[in-house]
Amino acid sequence: MTPQPAVPAVLATTAVAVEIKKPAPAHVVAVLAFDGMAPFELGVVVEVFGLSRPELGDIPWYELRVCSAEPGRDLRAVGGFTLRAEHGLDVLAAADTVIIPGVSSAGGAIPPKLVEALLAAHARGARLVSICSGAFALAATGLLDGRRATTHWRYARTLAERHPGIDVDPDVLYVDNGDVLTSAGSAAGIDLCLYLVRGDHGAAVANTVARRFVVPPHREGGQAQFIEAAVGEMGPDAADDGITQSMTWAMRRLYTPLSVPALAREARMSERSFLRHFTRRNGVSPMRWVVSQRISASLPLLESGEGTVDEVAAAVGFDSAATFRHHFTRQMRTTPTSYRKAFVRVAARP
């Protein structure tokens, strides 16, 4: 018989431990579906958090769970069709982010089981979010008492009357209280969802999602939710074209000093007329809009990790780093340095 080669002693006596790293658990987003709901807001949440994102490469995306109080039951939707949620309120209570896209009747009774699930989620550390009349569900938990919140402008008075402990602001797109966030009408839900993505993954990722959504990547939460279009006063050949031209001109020159007189000249309007028309169209003053655009332009620069904060401030048109830090902190609720630390893209190691 041919002798078998001896097994090296080191292999025979030594156990080799191989560490297998488990992937980080996905961030679970739960959204509520209910009988009689309007489908648009649910669709927004599905579009942002439920679609696969191959364009983002290896960035871990969210896992979406559509939940209802009675999983498996057909739910009627406005428009004459039905939908069915696979998950119940227990899954909603266990999620990392919970989104309430609306309620069946603004000011009506909120089901106690939903209130219990929301409180359980919050106690676990979940982020609670409402779109439009969904603020009434969050208000029923008491978590908005003593805080600022918003809802659709049509429901703001009712929300304030039924929940006097809430500081209801009907003039903004969304309000971020950290653990509880509220937004205005349906379109503002898009803004808030993109805001959440920006906070979780940074501006570059949020911009990619917005591009696929075909919407602007960022609207400041403090922007007015009700904007008078003034269609009767501004036709396609009148002030509207001038405002558009001035905004396009400013976007190409954010790094340069900009002023209302300069913008008005580009629009070929008097300063007084320009201020009136710009604010009525955009919901914010010209210079507040400029500041918001400069902050948005600074985000990918901060994420790149290149240049100092002072250099980023100058690159997007702020006259000083102190001014940049002031406006950045006001709009983003964090400092430029903290934002950079959270989202800087570290070069892959070989």
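A: Contact here means heavy atoms within 4.5 Å, and the model we shall read with that in mind is a predicted one.

Q: Which residues of α7 meet which residues of α8?

A: On the α7 side they are I190, L194, V197, R198 and H201, and on the α8 side they are A203, V205, A206, V209, A210 and F213.

Q: At what angle do helix α7 and helix α8 pack, and how far apart are their axes?

A: Two packed helices are described by the angle between their axes and by the distance between those axes. In this model, helix α7, which spans residues 186-201, packs with helix α8, residues 203-213, at an angle of about 150°, and their axes are 7 Å apart. The crossing in which α7 passes α8 is right-handed.

Q: In what order do the strands of the open sheet stand?

A: Strands of a sheet pair through backbone hydrogen bonds, in either a parallel or an antiparallel way. Here 6 strands make up an open sheet with mixed pairing, and their order is β2-β1-β5-β6-β10-β9. Because β2 (63-67) and β9 (174-176) stand at the edges with a single partner strand each, one side of each is left without a neighbour in the sheet. From one strand to the next, the twist averages 15°.

Q: How many bridges join β6 to β10?

A: Strand β6 (residues 127-130) and strand β10 (residues 180-183) run parallel and are joined by 3 bridges, and L128 stands opposite V180 in β10.

Q: Which strands does helix α4 lie across?

A: Helix α4, residues 112-123, lies across β1, β5, β6 and β10, running at about 150° to β5.

Conventions
Residues are numbered from 1 along each chain as its sequence is written. This is a predicted model: local features need pLDDT of at least 70, side-chain atom pairs count only at pLDDT 80 or more; totals for chains, interfaces and linings use all residues. Side-chain values use heavy atoms; hydrogens and water are left out. Axes are lines fitted to C-alpha atoms, for helices over the stretch in contact, and angles run from 0 to 180 degrees between N-to-C directions. Helices (H or I, at least four residues) and strands (E, at least two) are DSSP runs, numbered from the N terminus. A crossing is left-handed if the near helix is turned anticlockwise from the far one by less than a right angle, and right-handed if clockwise. Two strands pair if DSSP finds at least two bridges between them.
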